[in-house]
Amino acid sequence: MALALWKNFLQITMKRILQQRRLSLYNGAHGYEEEVIKKKLQQFSGGSINLSKEDNGMAILTLNNPKLMNAFSGTMMVELQERVTELENWKDGKGLIIHGAGNTFCSGSDLNVVKEISNSQDGMNMCMFMQNTLTRLMRLPLISVALVQGKAFGGGAELTTACDFRLMTPGSEIRFVHKHMGLVPGWGGGARLVRIVGSGAALQLLGAAARVEPERARSLGLSEATLLSSEETRALAEARAWLSQYTEGPAAVIRAVKKVVAAGRELPLEAALRTEKDIFGTVWGGPANLQALVRRPKHK
Ligand SMILES: CC[C@@H](C(=O)O)C(=O)SCCNC(=O)CCNC(=O)[C@H](O)C(C)(C)COP(=O)(O)OP(=O)(O)OC[C@H]1O[C@@H](n2cnc3c(N)ncnc32)[C@H](O)[C@@H]1OP(=O)(O)O
């Protein structure tokens with residue numbers, strides 16, 4: 001009995017490790033040294049990444065370092081990875097809102113950390129670490145929204161692009177300031193931005209480190225909507241209401257919807273079609289499908 005339990009535990013752990021590797025971009029074959037960079041990042045503490053999972057299938061992820069405009073300390077980068085793992089293992093999840101504490105989104109990497117890891121090896125490892133985490137975040141089977149209040153700068157702007165949608169509060173701003181830091185995006189925000197707004201607009205935003213206010217973000221398709229309130233609690237309530245239009249219903253179906261779109265977004269057509277077939281197989285004849293056949297709803 002104990003042996004069987006142990007074997008089961010090992011199997012589940014192996015499955016999780018393999019799943020994480022499949023969803024990530026970089027491993028040892030790319031010269032990526034995860035344990036080395038994690039150990040390094042752990043040396044730079046401050047702030048936290050808080051996750052609250054609710055019974056309605058919505059989760060709220062809070063970037064919490066308000067003294068530094070929610071800049072990412074080293075420990076926050078590691079905590080973000082842990083929270084993403086937690087969300088990957090949350091089978092009842094349907095939606096995710098990412099926001100910042102103190103009514104501002106995130107001012108990117110903590111510049112004190114950036115200075116300490118400005119050598120090439122640490123920089124490359126940090127870049128691969130954050131790309132792995134944000135790629136896994138983007139691929140979560142949850143419909144995700146970045147609620148941009150205040151400022152989303154540098155890595156903060158990049159993080160917004162790993163979400164399915166962005167909502168902005170009046171007076172808020174997204175800004176890829178990298179050029180002014182002598183950099184380009186390194187957390188995958190450049191590649192994702194091109195897919196969201198197109199290469200011309202992405203070149204304008206990155207090339208001029210341009211301020212993107214809610215109206216311009218809307219016209220570029222970078223933001224879905226400008227919320228009415230810029231007050232923290234009310235803005236979060238508005239974001240919840242906005243997201244709930246997509247998260248109403250059974251988790252299995254909503255998660256399948258996101259998986260189909262994620263495959264279409266990332267894969268070549270034939271691979272996306274095959275993936276869609278496999279996902280279709282998980283809902284066809286499932287409880288929600290059978291109940292709908294009994295109800296025979298009219299879609300007026
Ligand atoms: C690869 C690195 C790249 C990436 O990951 O993609 C990066 O992200 S690099 C970082 C890019 N971000 C920045 O350069 C932001 C720099 N900060 C600012 O421009 C301004 O602080 C602000 C974000 C526009 C806010 O301005 P304001 O409202 O006037 O507040 P303060 O400037 O007074 O900020 C309060 C406090 O917070 C500190 N702060 C802000 N951002 C950072 C940061 N990224 N790292 C470290 N500290 C940050 C700021 O210095 C203030 O602290 P005190 O000076 O001690 O008061």
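Helix α2 (residues 34-42) packs against helix α5 (residues 120-138) at an angle of about 95 degrees, the axes being 9 Å apart. Helix α2 is therefore roughly perpendicular to α5, a term for angles of 65 to 115 degrees, with under 35 counted as roughly parallel, over 145 as roughly antiparallel and the rest as oblique. Axes are lines fitted to C-alpha atoms, for helices over the stretch in contact, and angles run from 0 to 180 degrees between N-to-C directions. Ile37, Lys38, Lys40 and Leu41 of α2 make the contact with Asp122, Asn125, Met126 and Phe129 of α5, contact meaning heavy atoms within 4.5 Å. These residues comprise 4 nonpolar, 1 polar and 3 charged.

The model is predicted; local features need pLDDT of at least 70 and side-chain atom pairs pLDDT 80 or more, whereas totals for chains, interfaces and linings use all residues. Residues are numbered from 1 along each chain as its sequence is written, and side-chain values use heavy atoms, without hydrogens and water.

Helix α2 also meets helix α3 (residues 74-88), where the axes come within 7 Å and cross at roughly 130 degrees. The two helices are therefore oblique to each other. On the α2 side the residues are Glu34, Lys38, Leu41 and Gln42, and on the α3 side Gly74, Thr75, Met77, Val78 and Gln81. By class, this contact has 3 nonpolar, 4 polar and 2 charged residues.

Around the ligand there are 19 residues, of which Ser107, Ser109, Leu111, Glu158 and His178 come nearest; a residue counts as near if one of its heavy atoms lies within 4 Å. The shell divides into 9 nonpolar, 6 polar and 4 charged residues.

| Residue | Protein atom | Ligand atom | Distance |
|---|---|---|---|
| Lys67 | backbone N or O | oxygen | 3.4 Å |
| Leu111 | polar backbone atom | nitrogen | 2.8 Å |
| His178 | side-chain N or O | oxygen | 2.9 Å |

The protein covers 61% of the 990 Å² of accessible area that the ligand has on its own, by the Shrake-Rupley method with a 1.4 Å probe. The elements giving two or more residues to the shell are β5 (151-153) and α6 (155-160); helices (H or I, at least four residues) and strands (E, at least two) are DSSP runs numbered from the N terminus.

How values were computed: Nonpolar A, V, L, I, M, F, W, Y, C, P; charged D, E, K, R; others polar. Polar contact = N/O pair within 3.5 Å; in protein donor to acceptor, adjacent residues only side chain to side chain.
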